[in-house]
Amino acid sequence: MAAPALDANYFAALSKALKEAGIAQPTLVIDRQRLDHNIETLLDDLPEGMGYRIVAKSLPSVGLIRHIRTRTGSDRLMTFNIEMLLALAGEMPEAEQLLGKPMPVAAARRFYSEASPDANIKWLVDTPTRAEQYLALAAELGITMQLVLEVDVGLHRGGFAPDDALVNTVRSIDRSNHAAFAGLMGYEPHVAKMPEKGGLREVALQSAWSIFSKAQAMTCASRTASGLILNAAGSPTYRLYRDTEIANEVSVGSVLVKPTDFDTPLLAPHWPASFIATPALKVLDGINIAGFEFVRGRQPDLPEGHDKTVFIFGGNWMAEPVWPESVVLNDTYGRSSNQQMLTAPSTTPIEPDEYVFLRPKQSESVFLQFGDIAVFENGCIAERWPVFHASA
């Protein structure tokens with residue numbers, strides 16, 4: 001199904017809802033109808049038996065995660081910092097959290113100083129040294145830690161190769177009285193960025209799957225009934241998994257709100273569902289850029305036909321304007337987090353205090369910059385979802 005148009009009627013309705021809600025500052029908006037479409041698209045795409053893990057860093061709001069859990073029935077989360085881990089352990093103690101990146105052992109120590117030792121956490125380990133640090137901490141605290149090993153399937157961002165170090169680390173975990181081997185993670189977002197020309201993308205995909213399969217054979221061959229996590233994919237690549245031969249769960253977050261970085265042919269069935277709305281503080285005839293009046297015969301490079309200036313409330317976000325459709329960022333003036341300059345043709349229908357809309361390029365850090373998320377549904381702002389505190 002083609003996405004409903006992001007046109008004048010849509011943004012007029014969104015503007016009306018924001019105005020009625022008294023919103024007069026930069027705000028992150030999620031369209032719940034579009035979000036729900038993306039959730040259903042995800043569920044329809046998952047092969048039979050494939051688990052779904054919600055990526056909390058890309059959906060950094062308890063309210064948003066709770067909505068997705070309700071719609072998907074998933075009790076699996078992927079978490080990327082200790083503040084988020086603690087918050088979700090408190091809000092959703094029944095959910096299983098898998099770390100999406102390896103944490104310094106000091107972070108794990110902090111977690112257990114503030115949370116229950118029985119919290120359902122799967123810690124990610126990328127080296128034999130980190131594994132030994134976690135085993136030592138578990139022994140010191142007298143707890144059992146669940147450890148998932150990261151496998152380098154071609155991203156080359158660290159992790160185990162399918163070799164003796166991987167096998168020996170699993171053996172060390174098995175010998176410990178304070179840890180359990182919980183599975184493997186093989187993350188391969190690089191595949192989606194490979195050019196299709198010459199079949200390079202397919203070669204990279206098959207290579208990633210081969211490496212991950214070899215790592216499984218070396219560590220999990222006799223463990224198929226033990227409920228091990230075999231985690232792979234992300235938003236850019238999850239639709240490449242048509243069965244559970246390689247992985248038994250995929251992690252997906254960003255594409256449910258679909259920032260512009262996820263406007264790819266593979267993800268075309270998903271709809272843009274998140275927007276930044278910000279008031280136009282000043283709308284000026286002409287385009288004047290400080291300093292050019294002192295340079296004889298020189299004018300700034302501008303898009304053809306642009307002769308109107310718009311200064312918005314805030315700016316310098318990882319985002320691109322989408323409405324009014326002719327408005328563009330003006331980098332000649334320079335980026336500003338206070339009053340970003342945009343330019344437009346003189347015919348562009350925008351007045352002071354009306355909203356300019358942008359689409360974020362990504363969700364994981366951008367969503368944290370605007371306070372509570374405004375949830376747009378049935379022509380109004382139906383709910384506000386607080387976000388997590390900003391953290392790495």
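**Pockets, cavities and helix packing in the predicted model**

The lining of the second largest pocket comprises 9 nonpolar, 1 polar and 3 charged residues (Ala, Val, Leu, Ile, Met, Phe, Trp, Tyr, Cys and Pro count as nonpolar, Asp, Glu, Lys and Arg as charged, and the others, Gly among them, as polar). The structure is a predicted model, in which local features need pLDDT of at least 70 and side-chain atom pairs count only at pLDDT 80 or more, whereas totals for chains, interfaces and linings use all residues. Residues are numbered from 1 along each chain as its sequence is written, and side-chain values use heavy atoms, with hydrogens and water left out.

About 230 Å³ of space lies in the second largest pocket. Pockets and cavities were located on a 1 Å grid over the protein atoms alone: a cavity is a set of points where a 1.4 Å probe fits but cannot get out, a pocket is an open set with protein on both sides within 12 Å along at least five of seven lines, and lining residues have an atom within 4 Å of a point. Grid points are joined across faces, edges and corners, and a volume is the space filled by probe spheres set on the points. Of the 13 residues lining the second largest pocket, Phe-11, Ser-15, Ile-350, Glu-354 and Tyr-355 lie nearest its centre. Helix 1 (8-20) and strand 15 (355-360) each supply at least two residues of this lining, and helix 1 gives the most, with 5 residues. Helices (H or I, at least four residues) and strands (E, at least two) are DSSP runs, numbered from the N terminus.

The largest pocket has a volume of about 1,100 Å³. Its lining consists of 47 residues, of which Lys-57, Tyr-187, Pro-189, Pro-236 and Phe-262 are the closest to the centre. By class, 22 of the lining residues are nonpolar, 15 polar and 10 charged. At least two residues of the lining come from each of helix 8 (190-193) and strand 9 (249-252); helix 8 gives the most, with 4 residues.

The count of cavities of 30 Å³ or more comes to 2. The largest cavity holds about 50 Å³ of space and is lined by Glu-150, Val-151, Asp-152, Val-153, Leu-155, His-156, Arg-157, Gly-158 and Tyr-187. This lining divides into 4 nonpolar, 2 polar and 3 charged residues. For the second largest cavity, the volume is about 40 Å³, and the lining is formed by Ile-312, Gly-315, Asn-316, Trp-317, Ala-319, Leu-329, Arg-335, Gln-340 and Leu-358. In this case 5 residues are nonpolar, 3 polar and 1 charged.

The axes of helix 4 (residues 82-91) and helix 5 (residues 105-114) come within 10 Å and cross at roughly 25° (axes are lines fitted to C-alpha atoms, for helices over the stretch in contact, and angles run from 0 to 180 degrees between N-to-C directions). Helix 4 and helix 5 are therefore roughly parallel to each other (angles under 35 degrees count as roughly parallel, over 145 as roughly antiparallel, 65 to 115 as roughly perpendicular and the rest as oblique). The contact (heavy atoms within 4.5 Å) joins Ile-82, Glu-83, Leu-85, Leu-86 and Ala-89 of helix 4 to Ala-107, Arg-110, Phe-111 and Glu-114 of helix 5. The contact of helix 4 with helix 5 has 6 nonpolar, no polar and 3 charged residues.

For helix 2 (residues 32-45) and helix 3 (residues 62-72), the axes come within 10 Å and cross at roughly 45°, which makes helix 2 oblique to helix 3. Arg-32, Leu-35, Asp-36, Ile-39, Glu-40 and Leu-43 of helix 2 meet Leu-64, His-67, Ile-68, Arg-71 and Thr-72 of helix 3. This contact divides into 5 nonpolar, 2 polar and 4 charged residues.

The axes of helix 6 (residues 128-141) and helix 7 (residues 164-175) also come within 10 Å, crossing at roughly 5°, and these helices are therefore roughly parallel to each other. Pro-128, Ala-131, Glu-132 and Leu-135 of helix 6 make the contact with Ala-165, Thr-169, Ser-172 and Ile-173 of helix 7, with 5 nonpolar, 2 polar and 1 charged residues.

Two backbone features complete the description. The peptide bond from Trp-323 to Pro-324 is cis, with omega near -5°, and Pro-324 is found in the loop between strand 12 (319-323) and strand 13 (328-329). Ala-233, a residue other than glycine, has a positive phi near 70° and is found in the loop between strand 8 (229-232) and strand 9.
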